[in-house]
Amino acid sequence: MRTALFADIHSNLEALQACLAHARREGVDRFAFLGDLLGYGADPVACLDIVAGLVGEGCPAVCGNHDLACLGGHLESMSYAARDAIYWTREQIGPRERDFLAGLPLTVAEDDRLFVHASPERPQEWTYIVGEEEAEQAFAATGARIVFVGHVHEPLLYFTTPGGALRLFQPVPGVPLPLSDYRRWLVIAGAVGQPRDGNPAACYALHDAAAGTLTHHRVPYDAQAAADKILSAGLPEQLAWRLITGH
Amino acid sequence: MATDHRTLAPASASGASNLGEGVLAAGTALGGFRIRDTLHEGGMAVLYTVEATGSSEPPPFPLLMKVPKLGFGSHPGCLIGFEVEQMILGRLKGPHVPRLVASGHVDGAPWLVMERIEGESLADAAARAPLAAAEVARLTGAVAGAVHDLHRQNVIHLDLKPDNVLFRADGTAVLVDFGLARHAELPDLVEEEVRRPAGTGAAISPEQLAGIRSDPRSDLFALGVIAYQLATGRLPFGAPSTLGAMRRRLYLDPPPPRALLPDLPPWLQEVILRCLEVRPALRHPTAAQLAHDLAHPEQIPLTARADRLHRAGPFAVARRWLQARRAPAPAAATPSLHLSRAPHVMAAVDLDDRRDAMAEAMRAALRRALAAEPDLRITLVAVLAPQPFGEESAPELEHSRQTAALVALRHWARPLGLSAEKLRIHVAEGSDPAGLLLDYAAAHHADRILLGARGHSALRRYLGSVSARVVAEAGCTVTVVRPSESNIKIIP
């Protein structure tokens, strides 16, 4: 089974379409959505249509903090630009989209794998896994051997060592990494719709369960078109700018 | 929110199966293979000869199964080394590594099946040492070529020793045991686990002793140890087992080989002692350059290393001891990055082409390469047409034609002001210049071939376009050079 892991699409239709096309060329069997389908970008409804269609075909999907925020509630923990985008998105989506979002679980588990947007340690707290400490807590909260997460907007991997310490690895795009059976792996998929590692190309991860490998891919897409839509929609300018710079 | 996932603890090294805890009996079936007999029982793993029992067509080569020892009290490095080997072997291609066929595990106890190399081991040759200089050069050159192929694939072996080199029937060197190897694009599983430097006491490089596992020139140090051993029958630094004893190589140089064997040619000592330099930057920049030197020993520039007959005195040792206390310079980030700074550029010079503009355009291209690639090697190659039948081809005349060409090539290179270390020259003779250039490029790991566009010399009219065939058939980049004024002419 070859699974394309899409995290943090953030209503970026151009990036989503480019990654879907890339993953299909790579011959994936299915997609898994690691949350934050919405927020920041200008195409919430079009993106949800695509994702909902694939989820209807059996693709796993989990809920992200931006998805939940679109359904209502206070936004104190978010930046002003993020809040503006959430208020705007709430106006765009209808009951159909709300029902779909409300039906998304916080985690999906299958075999020795777990899909979750942020840390599996109290997933509703949306903890960023930004160091060994958070990664350790994440591993402790689940028995899964491979944990797929998003939220961090940067492609990274943490893995266990026989001595107990955790190690961080920065994957090289396009290079299949064998996920040794004798370790546990926490895979941060990178962001489809808003990369923040200085590379504006969209990012997703491809897990090949039969071969036991994981490959991060970078996919160039028309970021200018996505940025122009953000500006036309009257969303904060910085949200357009960061798609161009990848920061 | 409650999650519903199956709890799956990572497979533990002390797995439930007895695989890896003893020696398997002949006839045991495992993962589509049947064990024929035990080939070798080492400290870390047991090797078996196996045959494929699956329904699909078996691979067209003999097979070997490796099962790490995982029983009670086994070394924790066993499993890590196995993981590393499985990870890296699966990524390597070409004739210089055994092909990985399959891998798997039984209740957490792993096995892998790979191609079995049936030829001699370098350890067999080492047992016959001291060997003749030409034999040392041939064997070390073959291993260096294999090491370069590994480095080109972004992998450093880091545990080269005679036991880990086998030869195919045609003499091709094959590197085995990648348990300590490093792939620049994959996580380093060795580094984290081993609190003391990983390697073999006899051959570990000074930078590995400092925990650096990213410098491809560490393998060149090990090649120097191998060449020393083949040439003298002794190990340059003995076989220490403690870190303190291993660190002595940072300031105590080995006895010069010529002090042990006065008849050993100076060029061989030059090569060996250069490989054994403490600072990686003083060794050959690439294994390809080492192999190239060993194939053309008469062109190796001799330095003070070649004549040394004594080990360094106490003052030099004291100075090095102080230097060794400072951290070594960081290495290039990856083997491929390192190799990109040290390409082998082969320039085909047509000595019949009298156009100064062409020679100048070729030299300008070489100057640009020199500026961009500081550790490059340039080999100038000229091809002489064979003497027509009927004419005198006495050996003396032949020799003088060769000498004249060598002199002409050196003269051609003079304006470049190259150091002796960067320049090599080669004169070939034959009626198929393109074929000769292509063979030389393949045999000596050329990264780029530079040659002039078709000119108007009698030779070229006779032979047709050499450049077109080299461009079509070369395995590396080919640059066809045109002087700028002829460039203007061909634009309509």
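Predicted model: local features only at pLDDT ≥ 70, side-chain atom pairs only at ≥ 80, totals over all residues.
Reader: Hello! In what sense do strands E8 and E11 of chain A pair?

Author: Helices (H or I, at least four residues) and strands (E, at least two) are DSSP runs, numbered from the N terminus, and two strands pair if DSSP finds at least two bridges between them. E8(A) and E11(A) are joined by two bridges. The bridge partner of A:Leu177 in E11(A) is A:Leu214, and the sense of the pairing is antiparallel.

Reader: Thanks! What kind of model is this?

Author: Residues are numbered from 1 along each chain as its sequence is written, while chains are lettered from A and ligands numbered from 1 in the order in which they are written.

Reader: Which strands of chain A stand at the edges of its open sheet of five strands?

Author: The order of this sheet is E2-E1-E10-E11-E8, with mixed pairing. Each edge strand has a single partner strand, so one side of it is left without a neighbour in the sheet; the two are E2 (30-33) and E8 (177-178).

Reader: Which residue of E2(A) is the bridge partner of A:Thr3?

Author: Strands can pair in either of two senses, parallel or antiparallel, through backbone hydrogen bonds. E1(A), residues 2-6, pairs with E2(A) in the parallel sense over four bridges. In E2(A), the partner of A:Thr3 is A:Arg30.

Reader: At about what angle does helix H1 of chain A run to E10(A)?

Author: Axes are lines fitted to C-alpha atoms, for helices over the stretch in contact, and angles run from 0 to 180 degrees between N-to-C directions. H1(A), residues 13-25, lies across E1, E2, E10 (202-208) and E11 (213-219) of chain A. To E10(A), the helix runs at about 30 degrees.

Reader: By how many degrees are neighbouring strands turned, on average, in the sheet of six strands in chain A?

Author: This open sheet has the order E3-E4-E5-E9-E6-E7, and its pairing is mixed. At its edges, E3 (107-110) and E7 (166-169) each pair on one side only. With direction ignored, its neighbouring strands are turned against each other on average by 15 degrees.

Reader: Is A:Tyr40 buried or exposed?

Author: A:Tyr40 sits in the loop between E2 and helix H2 (44-56) of chain A, and its phi is positive, near 70 degrees. A residue is buried if 20 or more other C-beta atoms lie within 10 Å of its own, exposed if 12 or fewer, and partly exposed in between, with C-beta atoms placed from the backbone. A:Tyr40 has 30 other C-beta atoms within 10 Å, so it counts as buried.

Reader: On to chain B! What is its mean pLDDT?

Author: Chain B has 19 helices and 15 strands, and 42% of its 492 residues count as buried. Over residues 1-17 of chain B, pLDDT stays under 50. In chain B, 87% of the residues reach 70 or more, and the mean pLDDT is 86.

Reader: How far apart in space are B:Val349 and B:Pro483?

Author: B:Val349 lies in the loop between E11 (344-348) and H14 (356-372) of chain B, and counts as buried because it has 24 C-beta neighbours inside 10 Å. Residues are in contact if their C-beta atoms, placed from the backbone, lie within 7 Å, and the residues that B:Val349 touches include B:Leu380 and B:Trp412. B:Val349 and B:Pro483 are 134 residues apart in sequence, while their C-alpha to C-alpha distance is 14 Å.

Reader: What kind of peptide bond joins B:Ala129 and B:Pro130?

Author: Most peptide bonds are trans. B:Pro130 is in the loop between H2 (122-127) and H3 (133-152) of chain B. Omega is about 5 degrees for the bond from B:Ala129 to B:Pro130, which is cis.

Conventions: Contact = placed C-beta atoms within 7 Å. pLDDT = per-residue confidence, 0-100. Lists of a residue's contacts leave out its neighbours within four places in sequence.
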